[in-house]
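Have a go at each task before you read its solution.

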Amino acid sequence: MSVKPDADGITNETVFTQAGPRRDPQTGQMAALHGRRVGKPLRALQAASHARLIGRYRLALADLADPAALFATPPEDLALEIGFGGGEHLVAEAARAPRTGFFGVEPFLNGMARALADIEAAGLDNVRVFDDDAALLLARLPPSCLARVDLLYPDPWPKRRHWRRRFVRPDNLDLIARALRPGGLFRFASDVPDYVDWTLREVRAHGALAWTAARADDWRRPFPAWPGTRYEAKARAAGRQATYLAFRKG
Ligand SMILES: C[S@@+](CC[C@H](N)C(=O)[O-])C[C@H]1O[C@@H](n2cnc3c(N)ncnc32)[C@H](O)[C@@H]1O
């Protein structure tokens with residue numbers, strides 16, 4: 001096999017087949033997770049912290065019929081971040097907008113453990129997390145309930161035979177467009193030019209979301225009040241330029 005294993009000897013290919021196909025019996029939505037779910041084993045303290053906090057912040061799909069009710073204080077808006085990694089952007093945004101309820105999705109255990117610790121340390125009560133395929137959550141949300149969906153530095157899957165694993169594809173765009181309210185934003189950032197072009201093509205072909213850019217700075221500059229993400233910092237350190245795309249639901 002040509003795929004290089006990481007330090008743990010795990011390849012994306014091996015993990016791809018681990019969970020097998022799963023379907024949400026209520027919505028019929030298939031889960032399609034293609035990345036790693038576990039990295040280095042958590043240290044004992046991290047594992048204990050994750051075990052304590054996941055029950056406090058994890059949402060149940062069954063509760064999504066009334067998503068605002070998941071928050072102690074009824075939020076003015078709801079937002080979703082897909083694949084939050086270590087949660088740096090999610091935590092910063094939730095602290096900046098305490099009247100918005102944030103759903104953060106991340107199936108990678110190590111990222112979730114880190115984010116949960118930061119959510120607790122920041123005393124945030126406007127964040128709920130989900131540790132599986134974001135498509136499962138999107139399919140359960142009522143239509144037109146989200147003000148924003150962020151997909152920041154998604155796994156690029158550069159090889160042609162893996163392109164179908166990219167999160168931006170017609171069925172997921174259907175789910176995103178359905179969950180956004182009219183005027184709501186889908187924001188995408190990437191340092192992979194091919195995935196940027198791919199996203200522009202897929203969203204244009206889909207038709208429900210319009211690119212908001214009027215000038216080059218709109219896609220060259222980060223989004224307003226942008227705290228950055230860990231992958232973005234890595235990309236910058238390696239000299240790679242990012243592109244920021246915002247699409248509005250009509
Ligand atoms: C390249 S990382 C970027 C993490 C973070 N957004 C950042 O910029 O630092 C992409 C993340 O998306 C997550 N991911 C992959 N497929 C996903 C899916 N179907 N639903 C939710 N998250 C997913 C991965 O576990 C991974 O942590």
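Predicted model: local features only at pLDDT ≥ 70, side-chain atom pairs only at ≥ 80, totals over all residues.

**Exercise 1. An aspartate in a loop**

Is Asp133 buried or exposed?

Solution. 
- Step 1: count neighbours. Asp133 has 23 other C-beta atoms within 10 Å. The cut-off for buried is 20 or more, so Asp133 is buried.
- Step 2: find the element. Asp133 sits in a loop, with strand E5 (127–130) on one side and helix H5 (134–140) on the other.
- Step 3: skip neighbours within four places in sequence. What's left in contact with Asp133 is Ala31, Ala32, Leu33 and Pro107.

**Exercise 2. Two sets of annotated positions**

Solution. 
- Step 1: start with one set. The unreviewed UniProt entry puts "binding site" at Glu81, Glu106, Asp133 and Asp155.
- Step 2: look at single members. Glu81 belongs to strand E3 and is buried, with 26 other C-beta atoms within 10 Å. Not counting residues up to four places away in sequence, Glu81 touches His89, Leu90, Phe102, Gly104, Val105 and Asp150.

**Exercise 3. Around the ligand**

Describe the shell around the ligand: which residues come nearest, and which helix gives the most to it?

Solution. 
- Step 1: pick out the nearest. Of the 22 residues around the ligand, those are Gly83, Gly85, Tyr153, Thr229 and Tyr231.
- Step 2: sort by class. The shell has 12 nonpolar, five polar and five charged residues.
- Step 3: check the helices. Helix H9 (residues 230–237) gives the most, with three residues.
- Step 4: zoom in on Tyr231, which lies in H9. With 21 C-beta neighbours inside 10 Å, Tyr231 counts as buried. Beyond four places in sequence, Tyr231 touches Gly85 and Tyr153.
- Step 5: follow that to Gly85, in the loop between strand E3 (77–82) and helix H3 (88–96). Gly85 is buried, with 22 other C-beta atoms within 10 Å. Leaving aside neighbours within four places, Gly85 is in contact with Glu106, Gly111, Thr229, Arg230 and Tyr231.

**Exercise 4. A buried arginine**

Where is Arg114, and what does it contact?

Solution. 
- Step 1: Arg114 is in helix H4 (residues 109–121).
- Step 2: 23 other C-beta atoms lie within 10 Å, so Arg114 is buried.
- Step 3: set aside neighbours within four places in sequence, and Arg114 is in contact with Gly86 and Gly87.
- Step 4: compare sequence and space. Gln46 is 68 residues from Arg114 along the chain, while their C-alpha atoms are separated by 7.9 Å.

**Exercise 5. Core and overall fold**

Which members of the largest nonpolar core touch the most other members? Then see what covers H6 and check the overall size.

Solution. 
- Step 1: the core has 53 residues, and Ala115, Leu137, Leu138, Leu146, Val149, Ile176 and Ala179 touch the most other members.
- Step 2: take Leu146. Apart from neighbours within four places, its contacts are Leu78, Ala79, Leu80, Leu141, Ala179, Leu180, Arg181 and Gly184.
- Step 3: turn to H6, where Asn172, Leu173, Leu175, Ile176, Ala177 and Ala179 are buried. Their cover includes H5, E6, strand E7 (180–190), helix H7 (193–206), strand E8 (209–211) and strand E9 (243–249).
- Step 4: zoom out. The protein has nine helices and nine strands, and 34% of its 250 residues count as buried.
- Step 5: test the size. A compact globule of 250 residues would have a radius of gyration near 18 Å, and the protein's 17 Å agrees.

Terms used. Residues numbered from 1 in each chain as written. Core = buried A, V, L, I, M, F, W, Y, C linked by C-beta atoms within 7 Å. Buried ≥ 20, exposed ≤ 12 C-beta atoms within 10 Å, placed from the backbone. Contact = placed C-beta atoms within 7 Å. Near = placed C-beta within 6 Å. Helix = DSSP H or I, 4+ residues; strand = E, 2+ residues; numbered from the N terminus. Nonpolar A, V, L, I, M, F, W, Y, C, P; charged D, E, K, R; others polar. Rg over C-alpha atoms; globule rule 2.2 N^0.38 Å. UniProt positions renumbered as here; feature names shortened; annotations may be inferred.
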